[in-house]
Amino acid sequence: MRQVFVTNCELEFEDAWDRLSYAGIPVFEPSKPSKEGRVLCIWLAHQYDDAVSLLLNPMHIVATAVTDEEFERIQAAADARMARTRDHAWEQSLNRVVACASLLLLSGLVYITLPNVL
């Protein structure tokens, strides 16, 4: 996600949004307001150069355009990777908790049985 355009003019913002979207560059407006004006960002970092060129020159031909279906597949793959990352992090945290609990339990057993052995 990279910022490609900032303006205070509603018409300029809508024109930039339409131009980029129509050319196959998925865009969004961040939810956090900016003091500079309305911000337009692109989802796919590899499209940054094309996006900037298109905004400067309406005749620019976008080399890295994606269809809505392709973008949905990219987003689904990214969501799946994030889910696996979250699952892996959760699993690691759970393993640490179990290891600590096992260590405490083992320490308690040693503490209880050691005086009886001696």
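**Close-up views of a predicted model**

**Figure 1. The strands of the sheet.** F28 has C41 in β3 as its bridge partner. The model is predicted: local features need pLDDT of at least 70 and side-chain atom pairs count only at pLDDT 80 or more, while totals for chains, interfaces and linings use all residues. Residues are numbered from 1 along each chain as its sequence is written, and side-chain values use heavy atoms, with hydrogens and water left out. Strands (E, at least two residues) and helices (H or I, at least four) are DSSP runs, numbered from the N terminus. The pairing of β2 with β3 is antiparallel and extends over two bridges; two strands count as paired if DSSP finds at least two bridges between them. Three strands make up an open sheet, ordered β1-β3-β2, with antiparallel pairing. β1 and β2 (27-28) are at the edges with a single partner strand each, so one side of each has no neighbour in the sheet. In general, strands of a sheet pair through backbone hydrogen bonds, either parallel or antiparallel.

**Figure 2. The two sides of helix α2.** In α2 (residues 48-56), the buried residues are D50, A51, L54 and L55. These residues lie on the same side of α2 because they cover an arc of only 130 degrees around the axis, the arc being that of the directions from the helix axis to the C-beta atoms. D49 and L56, on the other side of α2, are exposed. Buried means under 20% relative accessible area, exposed over 50%, and partly exposed in between (1.4 Å probe, protein chains only). The buried residues of α2 pack against β1 (2-7), α1 (10-22) and β3 (38-42); contact means heavy atoms within 4.5 Å.

**Figure 3. The packing of α1 and α2.** The two helices pack at an angle of about 125 degrees, and their axes are 10 Å apart. Axes are lines fitted to C-alpha atoms, for helices over the stretch in contact, and angles run from 0 to 180 degrees between N-to-C directions. α1 is therefore oblique to α2, since angles under 35 degrees count as roughly parallel, over 145 as roughly antiparallel, 65 to 115 as roughly perpendicular and the rest as oblique. A16, R19 and L20 of α1 meet A51, L54 and L55 of α2.

**Figure 4. The surroundings of P30.** P30 is located in the loop between β2 and β3. Its relative accessibility is 28%, so P30 counts as partly exposed. Leaving aside residues up to four places away in sequence, P30 touches V39 and C41.
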